[in-house]
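Trainee: I would like to learn how to read helix packing in a model. Please go through it with me.
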Amino acid sequence: MFRNNYDNDAITFSPQGRIFQIEYASEAVKQGSATVGLCSKTHVVLVALKRNAEDLSSYQKKIISVDTHLGLSLAGLASDARVLSNFMKRQAIASKMTYDRPIPIERIVEEIGDRAQSNTQNYSNRPYGVGLMVAGVDDTGPHLFEFQPSGMTQEMVACAIGARSQMARTYLERNLESFADCKREELVTHGLKALKESLNQDKELTVENASVGVVGVAETESGKKKLEAFRLYDGEEMGPLLERALAGEGTKQEGEGEGDAQGESMDTS
């Protein structure tokens, strides 16, 4: 049988046990601009690369604040992410109204996973064409979760999704052991360096195309833990973060250039 006999809806399995509509939705995630997430013992950082459809348009928002203790970044269809983020906001408000407490991170991630999975059981629905990374802090500490169009969710130490994200994942795997003990600034620096790995050679991170979201816990003078509310860095606020993250690389490149120049002078002498 031809493959397209089984991709007219999201509820029919192929003889190989595949649901092609979900695979197509996953391809939409791979076409989206990259986003990176990292988690330490005290903080969670989301770093995203923004795109603009054309030179005359603004850059697409990639990181969304859901609650004071919770935020997400997206890769794929932004309109689908908006629907899911609005659902998460309603659930967060309902938790405060009903239980007088912020919603636990694992619970809200499971709820959007169930919502996405139900689309694979109804003929009239389609899968969400977006992947999310959900970052938040609750009573059990900082958490980073990945959400996929199939409805599958999993907790991560570090993760990257979107176009050319494999390069960012390679950086994350190479530095994985150091993330747990990183401070806030160090975690942001690692996130920006990982995101930079996913760029084409002719592109650079700038204050226009990069954004960062951070949430975590901090200790007060009395030793108690206090929530650091989710904060989004965008526009000119990205300047100091980019300078700190890329300063070392600039120095390294200059050093390599000096070494090459010395090598050339030795060859010509």
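Trainee: How are H4 and H5 oriented to each other?

Mentor: Two packed helices are described by the angle between their axes and the distance between the axes. In this predicted model, helix H4 (residues 165-174) and helix H5 (residues 184-197) have axes that come within 7 Å and cross at roughly 140 degrees. H4 and H5 are therefore oblique to each other. The crossing of H4 past H5 is right-handed.

Trainee: Which residues make the contact between H4 and H5?

Mentor: On H4 they are Met167, Ala168, Tyr171 and Leu172. H5 contributes His190, Lys193, Ala194 and Glu197.

Trainee: At what angle do H2 and H3 pack?

Mentor: Helix H2 (residues 78-99) packs on helix H3 (residues 105-118) at about 135 degrees, and the axes are 10 Å apart. That angle makes H2 oblique to H3. Their crossing is right-handed. Leu84, Phe87, Met88, Gln91, Ser95 and Tyr99 of H2 meet Arg107, Ile108, Glu111, Ile112 and Arg115 of H3.

Trainee: Where does Arg115 lie relative to Phe87?

Mentor: Arg115 is over the face of Phe87, 4.4 Å from the ring centre. Both residues belong to the H2-H3 contact. Arg101 lies over the face of Tyr99, at 6.0 Å from the ring centre.

Trainee: How many aromatic pairs does the structure hold?

Mentor: A pair of aromatic rings is described by the distance of the centres and the angle of the planes. Here there are 0 such pairs.

Trainee: What is the average pLDDT of the chain, and where does pLDDT stay under 50?

Mentor: The chain average is 90, and 90% of the residues score at least 70.

Methods. Residues numbered from 1 in each chain as written. Predicted model: local features only at pLDDT ≥ 70, side-chain atom pairs only at ≥ 80, totals over all residues. Heavy atoms only, no water. pLDDT = per-residue confidence, 0-100. Phe/Tyr/Trp six-rings, centres within 6.5 Å; stacked < 30°, edge-to-face > 60°. Lys NZ or Arg CZ within 6 Å of the ring centre and 35° of its normal. Axes fitted to C-alpha atoms, helices over the stretch in contact; angles between N-to-C directions. Helix = DSSP H or I, 4+ residues; strand = E, 2+ residues; numbered from the N terminus. Parallel < 35°, antiparallel > 145°, perpendicular 65-115°, else oblique. Left-handed = near helix turned anticlockwise from the far one by under 90°. Contact = heavy atoms within 4.5 Å.
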